[in-house]
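Subject: Structure for your review

Dear colleague,

Please find below the structure that I am handing over to you. My notes on salt bridges and on one helix pair follow it.

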Amino acid sequence: MAETFLAILLVTTSATGSNLVYRWPPLPSAAPRLSRARPSEEASCASQLDNPWRASHFSDSAAEAIPHFSRSGLETDTDDAWDRPHHTSQDESRSYSPTTVHSSSGEDSPSKGGRFLINKPPVLHEYDHLFGYSSDFLANLLCPHFSMCHQKFELLVDNLAFIGHPVCKDEDGTWRFKPEKSKSGPRGRESKAGTSTNGTRTSASPDTRPTSSEKVPPVNTWLDKFHLVIVLDIPDPSSSASGNVSKYFDIIYEQVAFTVTAVLFQEQVVSNFVETECETLGSLKDLWEPFSNYASQALEISSIATAMKALYEAIKTSEMAYITIHNLPLEVQLPPYLDSLLHSEGENELDFARPLDDEDAQAWGQDMKLGWRLSSLQPWKSLLLLDGHNGLDPSMNLRGSQVNPEDRTLVEGLIRFLETASVTLSLADMASLLDWDLESQVMPTVRWLVQHRRAKVVDTVHVGLKTVFTLPSKFERPLAELSSEFDSQFDHPSVPTLPVILAKISSSVSKQTDNHLYASVVQNKDLIPMYHDIVLWMLKRDMLVTLHLRIRVVATQKVKLKVRLAREKALARRSGTHDYHRRGLLLELKSADDDDELNLSPPSTIPWLPLSPRTAHIHSRHQSNESIYQEKIDYHEADGYGTGDSEKRGTDEDASEELDDPDSGWDTAEDHLRPSMISDPGRATLLQRRWLAAMSEGKDPLIAKRFQLINQYFDGKRCDDEILYRAEITRKQLREVLHHYEEYLQTFLHP
């Protein structure tokens, strides 16, 4: 949010008009636009020219010497003349009339000694102007009509965007909760007051605070409306992806503006809190101290002012905002990578803002769909607990005496969960150890911890650190800063410096064996506990990327020949003993199987590179050999071998049905004798199933049965942890299958 977030405003409306009560920061300013404005006619041309033009054409001294000229002879068009409204003397005289003073609290107060008529204090400009506009002008602009309250407010003025959720009292002058509507939506007052959109519970104790369903006694107040406004600098269209700006504004409204306004509205209805705070700030403002003094003193007497400051600073640093409104704690945040929505995909090396797919979006929920750098939430993943707020233990606040007795059981279960969580345990293992249900208990707890930045989902780390890691493309912080922090925390003489560890991890990826962390870095069992802490330290700072084993199945030439021979034998049995042509074809196929003479080139008819004369001769001979085999097979199948229909069916009904199946895969594009990849074994065709079955011939029955069970996951997309979880096998059993079927499998490492 550091790119566009400018300020937070609190605007109120009373019978005397609208007023800008407080803002943070005290003197906000928008970044200048990189645009070239047309010089005005009234000023000299040299003084109105922008610096890039002046620097590229002539010196400043020469520019100042250019005489003034009028453009009266040219065609004038005032439509593109851009002028912001200015605070006029008429507005000033109306605001400071001889009889009354427009108080910041919204009430009329008599002038005391006429001190406003003698000399206007020089500090009034800081009070009365903001972003180049009059404060009265902005206050009237940001307090809409009653009919436009209790809904999303979005206003674009010049290069500024104002986002909020204005609320007002009822027609009878009473602040009360509205009854819930039958049709609920993501916005509006139908959401429960006191519950934030990011899942933070803000309801108070029932003995002191009535709920929305209870009647509140009518109280006559001078406060008619209030509006907490988020001010943003509209992103430059040249750097914005199409359609992302509206999503950007929606997330800010839902997660910040609406959430905080809901709490303020609840406290106003319950205890007239907002009006009391405005009176306190108004009385302080009427002293007309320098604005910096006013802003700092307001933080000492107003919880709204303190909350606005904490919220602004947390959002600017992309941190969680811990604020308190009327002794009511509240946690507010924006997605940490929300600014990525403002850039095109080409500007981001890793597109963290890209929406999750349907499965991941359903697992994480709609609130975490955009702007989060999230791993997939799966049972074979693990949970890494992060340092709590201000470096505190995440479970420390749960052990206090302030926990209600009815919530004690829930709190004790959450403490057990936090004590059990480890990167060496998968979420499924944690559910088993805690005797919790994975979907209804473990997953919601993980979502809550991740959303409130108490934890992050990572890949499971081997207990003996036999996990293969690589490095990300870049670190979020400078390496020198990370190295200094690492040296201060890990000063053991056996631990090398951080750059040395990173170099060893980076070089280990190129090794075929012994490329895991223990073999490449640790190399001592006594150092495993210490390196566990180092791995946790690096994972918290996104300095490691886990590589997983992925597997694909290759149908080799021998497997295809074996299946082709079986088919020809079945056709020979079907045609009878007099079919000498097919028997000759079987002999040729067997000879090719023994000599391994068939073409192994890719199926492309045009070579990728020009062939040498010798290579071209071999290539043409292989092509001709394969075409001869295919022509013989096609000829004998089309001929029918002189038999009738009844003889073609044969006596072997199973073999006959398999050969005559139109979806069998024979005579298709994949029916060739070149090695090929089975892209999705879980949805293999009939011909691919024959190849998979032929791979198990002569294997141990137990291993063959296990291969038949798990080969559906050998598509190159499923990692080894997912295969172990879904197939319910151990890593040793997976290694046995990979060893026995090594000639048919392609393995590789990938994140």
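Which residue does the side chain of Glu481 meet in a salt bridge? The partner is Arg477, with an N to O distance of 3.0 Å. Please bear in mind throughout that this is a predicted model.

Salt bridges

Side chains of opposite charge can pair when their charged atoms come close. Across the whole structure, a search finds 19 salt bridges.

Asp720 and Arg731 form another salt bridge through their side chains, at 3.2 Å from N to O. Asp720 belongs to helix α27 (residues 720-727) and Arg731 to helix α28, and the two residues are 11 apart in the chain. How do the two partners stand in accessibility, buried or partly exposed? Asp720 is buried, at a relative accessible area of 10%, whereas Arg731 is partly exposed, at 35%.

Helix packing

Helix α28 also takes part in a helix pair. Two packed helices are described by the angle between their axes and the distance between the axes. Helix α26 (residues 701-710) packs with helix α28 (residues 731-740) at an angle of about 100°, and the axes are 10 Å apart. This makes α26 roughly perpendicular to α28, because angles of 65 to 115 degrees fall in that class.

Which residues meet where α26 and α28 are in contact? From α26 come Ile703, Arg706, Phe707 and Ile710, and from α28 come Gln733, Leu734, Glu736, Val737 and His740. Sorted by class, this contact holds five nonpolar residues, two polar residues and two charged residues.

With kind regards

Terms used:
Residues numbered from 1 in each chain as written. Predicted model: local features only at pLDDT ≥ 70, side-chain atom pairs only at ≥ 80, totals over all residues. Heavy atoms only, no water. Axes fitted to C-alpha atoms, helices over the stretch in contact; angles between N-to-C directions. Helix = DSSP H or I, 4+ residues; strand = E, 2+ residues; numbered from the N terminus. Parallel < 35°, antiparallel > 145°, perpendicular 65-115°, else oblique. Contact = heavy atoms within 4.5 Å. Nonpolar A, V, L, I, M, F, W, Y, C, P; charged D, E, K, R; others polar. Salt bridge = Lys/Arg side-chain N within 4 Å of Asp/Glu carboxyl O. Buried < 20%, exposed > 50% of the residue type's maximum accessible area, 1.4 Å probe, protein only.
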